[in-house]
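User: I have a chain open and would like to talk it through with you. Could you take me around it, one topic at a time?

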Amino acid sequence: MRWPRKGILIRLCIYVPLIAYFSWRALDRDGDRDDAGAADDDIERKLAPHKRMVTLPDGTQQEIVELTPEQAEAILGPMPALEPREPAPGPPPGQPPTRTSPGAASPGEAPGDPADGAGTSAGR
């Protein structure tokens with residue numbers, strides 16, 4: 001029996017294990033979804049009394065859930081703590097932002113000012 005060409009064998013050695021692995025992972029995740037589906041049904045049942053339909057200005061309807069923070073914590077569990085973020089560094093309030101890109105003119109300098117060597121020719 002004659003073996004297939006070397007290129008075909010290399011492709012088989014690469015793609016067959018990949019397809020097997022991804023198939024196995026897809027089947028493994030499907031089992032996790034069944035457990036999550038039961039938990040989702042339980043949460044939906046707990047949220048049902050707090051749901052209502054709202055008609056939007058364009059005529060469409062949207063279902064919303066109205067909960068206080070205490071009710072949300074009792075139904076959904078403890079809320080994650082939010083850490084306050086520090087503001088990004090920037091200019092002090094009242095000052096316009098400055099550009100620091102290469103070639104940008106300084107505040108007291110005209111854009112074509114040859115003080116930085118720009119615009120001068122070395123051949124003169």
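**A nonpolar patch and its surroundings**

Analyst: Isoleucine 14 has its place in helix 1, where helices (H or I, at least four residues) and strands (E, at least two) are DSSP runs, numbered from the N terminus. This is a predicted model, in which local features need pLDDT of at least 70 and side-chain atom pairs count only at pLDDT 80 or more, while totals for chains, interfaces and linings use all residues. Residues are numbered from 1 along each chain as its sequence is written, and side-chain values use heavy atoms, with hydrogens and water left out.

User: Which residues make the nonpolar surface patch?

Analyst: The patch is made by Ile10, Ile14, Tyr15, Leu18, Ile19, Tyr21, Phe22 and Trp24, and comes to about 870 Å². Patches are made of residues with over 30% relative accessible area and no salt bridge, like charges being joined within 9 Å and nonpolar side chains (Val, Leu, Ile, Met, Phe, Trp, Tyr) within 5 Å. The accessible areas come from the Shrake-Rupley method with a 1.4 Å probe, and for residues only the protein chains shown count as cover.

User: And the rings, how many aromatic pairs are there in the whole structure?

Analyst: A search of the whole structure gives 2 aromatic pairs. Tyrosine 21 and tryptophan 24 form a tilted one, with 5.9 Å centre to centre and 50° between the planes. Rings of Phe, Tyr and Trp (its six-membered ring) pair if their centres lie within 6.5 Å, and planes under 30 degrees apart count as stacked, over 60 as edge-to-face and the rest as tilted. Ring pairs link Tyr21, Phe22 and Trp24 into a cluster.

User: Where do tyrosine 21 and tryptophan 24 lie?

Analyst: Both lie in helix 1, 3 residues apart, which is about one turn of the helix. Tyrosine 21 counts as partly exposed because its relative accessibility is 42%, whereas tryptophan 24 is exposed, with a relative accessible area of 51%.

User: Switching to charges, how many salt bridges does the structure hold?

Analyst: The structure holds 4 salt bridges, a salt bridge being a side-chain nitrogen of Lys or Arg within 4 Å of a carboxyl oxygen of Asp or Glu. One of them joins the side chains of arginine 45 and aspartate 42 at 2.4 Å, N to O, and another joins lysine 46 and aspartate 42 at 3.7 Å, N to O.

User: Why would such side chains pair at all?

Analyst: Side chains of opposite charge can pair when their charged atoms come close. Here arginine 45 and aspartate 42 both lie in helix 1 (residues 6-47), 3 residues apart, and lysine 46 is also in helix 1, 4 residues from aspartate 42. Arginine 45 counts as exposed at 58% relative accessibility, while aspartate 42, at 28%, is partly exposed, as is lysine 46 at 37%.

User: What does glutamate 44 meet?

Analyst: The side chain of glutamate 44 meets that of lysine 51 in a salt bridge of 2.5 Å, N to O. Salt bridges that share partners join Asp42, Arg45 and Lys46 into one network.

User: Now the strands, in which sense do strand 1 and strand 2 pair?

Analyst: Strand 1 (residues 51-55) and strand 2 (residues 61-65) pair in the antiparallel sense over 5 bridges, where two strands pair if DSSP finds at least two bridges between them. Methionine 53 stands opposite glutamate 63 in strand 2. The hairpin has 5 residues between the strands, and in this hairpin glycine 59 takes a positive phi near 95°.

User: Where is histidine 50 found, and what is it in contact with?

Analyst: Histidine 50 is found in the loop between helix 1 and strand 1, and counts as partly exposed because its relative accessible area is 23%. Leaving aside its neighbours within four places in sequence, histidine 50 is in contact (heavy atoms within 4.5 Å) with Ile64, Val65, Glu66, Leu67, Gln71 and Ile75. Histidine 50 and isoleucine 64 are 14 residues apart in sequence and 8.4 Å apart in space, C-alpha to C-alpha.

User: Last one, in what order do the elements run?

Analyst: From the N terminus on, the elements of the protein chain run α-β-β-α, and of its 124 residues 3% count as buried.

Note on methods
Buried < 20%, exposed > 50% of the residue type's maximum accessible area, 1.4 Å probe, protein only.
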